[in-house]
Amino acid sequence: MTGTTYTSIDTIPSIVNTLRMQFNTGLTKDIQFRKEQLKNLIRFCNENNDALCKALWSDLRKHVIECDVGEISPIVDECQFMIKNLDKFCKPVHTNKRFLMNATDKTYTRKEAKGVVLVIGAWNYPVNLLLMPVVGAIAAGNCVLLKPSEVSRHTAEFIATVLPKYLDPRAYAVVTGGVPETTSLLENRFDHIFYTGNGQVGKIVMTAAAKHLTPVTLELGGKSPAFITEDADVNITAHRLMWGKFFNNGQTCVAPDYVLCHKSKLEPLLKAFQDTLIEYYGKDPHISESYGRIVSTRQFDRLKELLDNCDPSTVVIGGQTDREDLYIAPTIVSPITPEHVLMQEEIFGPILPIIPVDNMDEAINIVNNRDHPLALYVFASAKYKYNKILDKTSSGGVLINDILMHLQELSLPFGGVGPSGSGSYHGEKSFDIFTHSRSTMVKDLMAEPIAACRYPPYNEDKEKMLKVLVYGFPTGIGAKFSTLGSFCGAFWNFMFKKPESYSKL
Ligand code: NAD
C-alpha cells in the first residue's frame with residue numbers, strides 16, 4: 001500500500017459522522033443483525049484464508065501454520081463463541097437490592113452498545129490484533145471504525161479492500177494510513193478507543209481520547225521475563241521456550257523478552273536450546289520455511305544495532321543477519337547483566353538474552369525493579385517455587401511451564417497492567433469492554449404509601465420509618481421485635497394521625 005491509497009484525511013470526519021448517524025438508527029443494536037455480521041466475519045476468514053496467508057507471508061514471511069494458529073483461527077473461534085453466547089450476554093442482569101425501601105422495585109443493568117468505536121491495530125499480528133477486538137465490538141452492538149497498521153501493508157490493503165464486502169458498510173468502515181491519518185482520526189469523538197501497539201503511541205492515543213473523555217483500552221508491550229528455576233525440566237523448557245520466542249520471528253508482544261536462569265541450569269539449557277533450534281529450523285535457519293522475517297528495514301536496523309552493541313563472545317547462538325532479506329538468525333546472548341544494552345527496551349525480535357541468577361529472589365528483584373510486564377513465564381516443577389514468584393511479582397498475565405499458550409485460551413482475559421496496558425479482552429471480556437452496563441431502576445407505584453415517608457416536612461415518625469427502610473432491621477431477635485414495633489407505630493401515626501401526613505395528600 002502506498003501513500004496514495006491511504007484514506008483521504010478530508011473524508012475522515014464524514015466517515016465517523018456517517019457511522020454515528022447509522023448507530024443512532026439502531027441498526028447495529030439488533031441481535032440478529034450482530035449475529036449475521038459475525039457469521040460474515042467467519043466467512044471472510046474462511047473464504048480468504050489463502051489470500052490472508054499470502055499477505056501475511058509478504059509482510060512477515062509467516063508460515064501458513066503460524067497464520068492459522070496465531071491470526072485466523074482465533075478470530076473464527078471468537079466469532080463462534082460470541083454467536084453462541086450473545087443472547088445470554090445481552091440479557092439484563094438483575095441486581096440484589098440492598099435497601100428495604102426498594103424492596104418492591106425492579107433493579108437491573110441493561111447491556112447497551114457504547115456507540116461508535118475505533119480499533120487501531122498493530123503490525124505484528126495484523127489480522128488478529130485488528131479483528132479480535134472488532135468481534136467484541138460487533139457483538140456488543142457498536143458501529144466500528146477499523147484502522148489496520150500501515151507497517152504490515154499487504155495485510156492492511158487486503159483487509160481494507162475485501163472486508164467491506166463481508167461486513168455491512170453502513171455500520172463498519174476501514175480507514176487506512178499512517179501517522180497523519182491516525183492523528184486525524186483521533187481528533188474525532190468516539191465512544192471507545194481500542195489501541196494495540198507501543199506505549200509511546202499509547203500515550204498519544206490516551207491524550208487524544210482525554211479531550212473527548214473517551215474510554216480507552218490500551219494493549220501495550222514491555223519486557224516479559226521467563227524465570228527458569230533449578231528444578232525446571234530442561235527438555236520441555238527448551239522446546240517450549242524456543243518455540244514461543246521465535247514464533248513470528250520474536251515479534252510477539254508476549255514473547256519472552258529475557259530469561260532469568262538459575263545458574264545450575266545454564267549450561268544444560270544452552271545445549272538444549274542449540275539442539276532444539278537445529279531441530280526446528282535446521283542448521284541454517286535462513287533457508288527454513290518455518291522461520292519468519294523482520295517486518296521492515298527500520299525494525300531490522302534497530303535490532304542489528306542492539307546486536308552490534310553486544311560483546312561478540314556473549315552471542316552464544318546465532319547472530320547472523322542479512323539486511324536484504326530482513327533476516328536475523330535465532331540468537332541467544334549469555335550471560336548478561338540487568339544493566340546490559342538488551343535490557344533497556346523491549347527487544348521485539350529474535351534475540352534472547354539470559355541473565356544467570358543465584359536464586360529466584362535475585363530474579364524477582366530484577367523484575368520488580370522494572371515496569372510490570374505484559375506476560376510473566378515460570379519454568380518450575382514444584383508448585384511452591386512458582387507460587388512464590390507469582391506472590392512477589394505482578395504482570396498482565398502469567399503462564400507456568402509454557403509460552404504464549406495463555407493467549408490462545410480465550411476463556412482467560414488478556415491484557416496488561418500499568419505500562420503494559422490497561423483493560424483486557426477475549427471472550428466475554430471483549431463483549432464487556434464495548435458494552436455500557438446501564439443501571440436501571442423501575443419504581444413500584446403501589447409502594448407510594450411507604451416511600452412517601454422521605455418527603456418533607458420531616459418529623460420523628462418519618463425518621464423512625466426511614467431508619468428501618470435505609471438500615472434494615474438490627475440483628476438479635478429482641479432488637480428486631482422492638483424495631484418492628486417502633487416502625488409499625490410510626491407508620492400508623494404517619495398514615496392516620498398527622499393531618500399533614502400522606503393520608504391527607
Ligand atoms: P505499529 O507501528 O503498527 O503502531 C500501532 C498503530 O499505531 C498503527 O495503526 C499506527 O498507524 C499507529 N500509530 C503509530 N504512530 C502513531 C502516532 N504517532 N499517532 C497516532 N497513531 C500512530 O505497532 P508498534 O507500536 O510498533 O507495535 C509494537 C508494540 O506493540 C510492541 O511494544 C508490542 O509489545 C506492542 N504490542 C502489544 C500487543 C498487545 O496485545 N498487548 C500486541 C501487539 C503488539
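1. The shell around the ligand divides into 14 nonpolar, eight polar and four charged residues. Here Ala, Val, Leu, Ile, Met, Phe, Trp, Tyr, Cys and Pro count as nonpolar, Asp, Glu, Lys and Arg as charged, and the others, Gly among them, as polar. In total 26 residues surround the ligand, and the closest are Ser 149, Glu 150, Asn 198, Leu 220 and Glu 346; a residue is near the ligand if one of its heavy atoms lies within 4 Å of it.

2. A word on the basis: this is a predicted model in which local features need pLDDT of at least 70 and side-chain atom pairs count only at pLDDT 80 or more, while totals for chains, interfaces and linings use all residues. Residues are numbered from 1 along each chain as its sequence is written, and side-chain values use heavy atoms, with hydrogens and water left out.

3. Helix H7 (179-186), strand S6 (192-196) and helix H8 (199-211) each supply at least two shell residues. Helices (H or I, at least four residues) and strands (E, at least two) are DSSP runs, numbered from the N terminus. Domain 1 (25-95 + 102-220 + 428-438) and domain 2 (225-412) each give the shell at least three residues; the bounds come from an automatic or database domain assignment.

4. Please look at Thr 229, in the loop between strand S8 (225-228) and helix H9 (234-246). Thr 229 counts as buried because its relative accessibility is 0% (buried means under 20% relative accessible area, with a 1.4 Å probe and protein chains only). Its side chain makes a polar contact of 2.6 Å with that of Asp 231; within protein, this is a pair of N or O atoms within 3.5 Å, one able to donate a hydrogen and the other to accept it, and residues adjacent in sequence count only if both atoms are side-chain atoms.

5. Two backbone spots deserve a glance. The peptide bond from Ser 334 to Pro 335 is cis, with omega near -5°, and another cis bond joins Pro 456 and Pro 457, with omega about 0°.

Note on methods:
Buried < 20%, exposed > 50% of the residue type's maximum accessible area, 1.4 Å probe, protein only.
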